[in-house]
Amino acid sequence: MQQSGTECEFCSSDSWVILSPIEQSIKRKIEAVGTPLKDWDIQINYGIKTGYNDAFIIDTAKRDEILANCQSEDERKRTAELIRPILRGRDIKRYGYNWAGLYLIATFPSRHYDIEQYPAVKKYLLSFGIERLEQTGKVHNVNGEKIKARKKTNNKWFETQDSISYWEDFSKPKIVYMEIQTDNPKEGYPFPCFSFDERNSVALNTAYIMCSDTVDVRYILGILNSSVGRMIARLYVTQLQERQFRMLAQYLVKFPIVKGPVDVQNEIIKCVQENLVQKNKEQEDRINNMVYQLYGFDKMEADYIKNIL
């Protein structure tokens, strides 16, 4: 213990962490030049809670069936717009994602949909029984079987469980990331793992989205997926197990992200975009080196960050 001991100052009311001298130096530099994400024009929101995924999340075949049951072209068009591609936490990879061909019936309460305008969707949902879909929290007896409704809310039986006032954010270019992540690159779990979506996908509540009206979030994505981003995540996110971390929004808003010169930001965005098309180690190394410089790390600190497991 004496050989591994280190002196740390706990001089504020902030949550504290025991760090080695080089880690303390890295943390000081990160906080000296970084701006917490809460002070960027960034919105972070969690994914959709349906209250009953079996009904509201459908595969491609079921989507095609519902659309085929529409009685007019207008109804078909409305219904196609209502059914959105959905990403689960497990689908999200570093930079990209593996979409499972699943869709969400996106009847968000904040949209105030009239279910009578979507008869094919109404018929499909009612096949599960209105007792199961209503949001009352009641237990019904249907043909001798106990059926528990969704939890009590003010929402209608055909609507998702949450209001989702930020529904427009799902249509913006956005960062998507899973809530619980594993830090074990050798076993195929790179950490941290942030993806990018510009195909209007919706995220399930096992994931979060991050978007902005003024900031190109691909710059943020490059830093978050860099070696420095890995260090930042380990410093600011709650650790569940030896290599598991819970990436709640309340932690991410504290991430100190450096606002580099415009030309450097543009270069990082360019590298990120190339990585989104096809992951390339050369581009990732370029991003890492630019981020080391932005935070002012010397060679010893950069090597430490690069090699930390």
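Colleague: Which residues does Ile-180 touch, not counting residues up to four places away in sequence?

Modeller: In this predicted model, Ile-180 touches Leu-240, Gln-244, Phe-245 and Arg-246. Ile-180 itself is found in strand β9, which covers residues 180-182.

Colleague: Is Ile-180 buried, partly exposed or exposed?

Modeller: The class follows from relative accessibility, where partly exposed lies between the 20% limit for buried and the 50% limit for exposed. At 40% relative accessibility, Ile-180 therefore counts as partly exposed.

Colleague: How many helices and strands does the protein have, and what share of its residues is buried?

Modeller: There are twelve helices and 15 strands. Of the 309 residues in the protein, 49% are buried. The C-alpha atoms fill a box of roughly 70 × 40 × 35 Å along the principal axes. Among contacts between residues at least 6 apart in sequence, 71% join residues at least 24 apart.

Colleague: Which residues of α11 are buried, and against which elements do they pack?

Modeller: The buried residues are Gln-283, Glu-284, Ile-287, Asn-288, Met-290, Val-291, Tyr-292, Leu-294 and Tyr-295. The elements that they pack against are the helices α1 (21-33), α7 (217-224), α8 (227-236), α10 (262-277) and α12 (299-307), together with strand β15 (256-258).

Colleague: What is found at the start of α11, and which residue follows the helix?

Modeller: At the start, a side-chain oxygen of Asn-280 reaches to within 2.7 Å of the backbone nitrogen of Glu-282. After the helix comes Gly-296, with a positive phi near 75°.

Colleague: How should I read the packing of α1 and α12, and at what angle do their axes cross?

Modeller: Two packed helices are described by the angle between their axes and the distance between the axes. Here the axes of α1 and α12 come within 10 Å and cross at roughly 100°. The two helices are therefore roughly perpendicular to each other. From α1, the residues Ile-22, Glu-23, Ser-25, Ile-26 and Lys-29 meet Met-300, Glu-301, Tyr-304 and Ile-305 of α12. By class, this contact has five nonpolar, one polar and three charged residues.

Colleague: Loops also deserve attention. Where is Asn-155 found, and which backbone oxygen does its side chain reach?

Modeller: Asn-155 is found in the loop between β7 (145-148) and β8 (174-178), and its side chain reaches the backbone oxygen of Gln-161 at 2.7 Å. With 19% relative accessibility, Asn-155 counts as buried. Not counting residues up to four places away in sequence, Asn-155 touches Pro-109, Gln-135, Thr-160, Gln-161 and Asp-162.

Colleague: What is the phi of Ile-164, and what is that of Tyr-95?

Modeller: Ile-164 has a positive phi of about 60° although it is not a glycine. This residue is found in the loop between β7 and β8 and is buried, with a relative accessible area of 4%. Tyr-95, likewise not a glycine, has a positive phi of about 75°. Tyr-95 is found in the loop between β4 (83-87) and β5 (102-105) and is buried at a relative accessible area of 2%.

Colleague: Finally, is the peptide bond from Phe-191 to Pro-192 cis or trans?

Modeller: The bond is cis, with omega near -5°. Pro-192 lies in the loop between β9 and β10 (194-197).

Conventions. Residues are numbered from 1 along each chain as its sequence is written. This is a predicted model: local features need pLDDT of at least 70, side-chain atom pairs count only at pLDDT 80 or more; totals for chains, interfaces and linings use all residues. Side-chain values use heavy atoms; hydrogens and water are left out. Buried means under 20% relative accessible area, exposed over 50%, partly exposed in between (1.4 Å probe, protein chains only). Contact means heavy atoms within 4.5 Å. A polar contact is a pair of N or O atoms within 3.5 Å; within protein, one must be able to donate a hydrogen and the other to accept it, and residues adjacent in sequence count only if both atoms are side-chain atoms. Axes are lines fitted to C-alpha atoms, for helices over the stretch in contact, and angles run from 0 to 180 degrees between N-to-C directions. Angles under 35 degrees count as roughly parallel, over 145 as roughly antiparallel, 65 to 115 as roughly perpendicular and the rest as oblique. Ala, Val, Leu, Ile, Met, Phe, Trp, Tyr, Cys and Pro count as nonpolar, Asp, Glu, Lys and Arg as charged, and the others, Gly among them, as polar.
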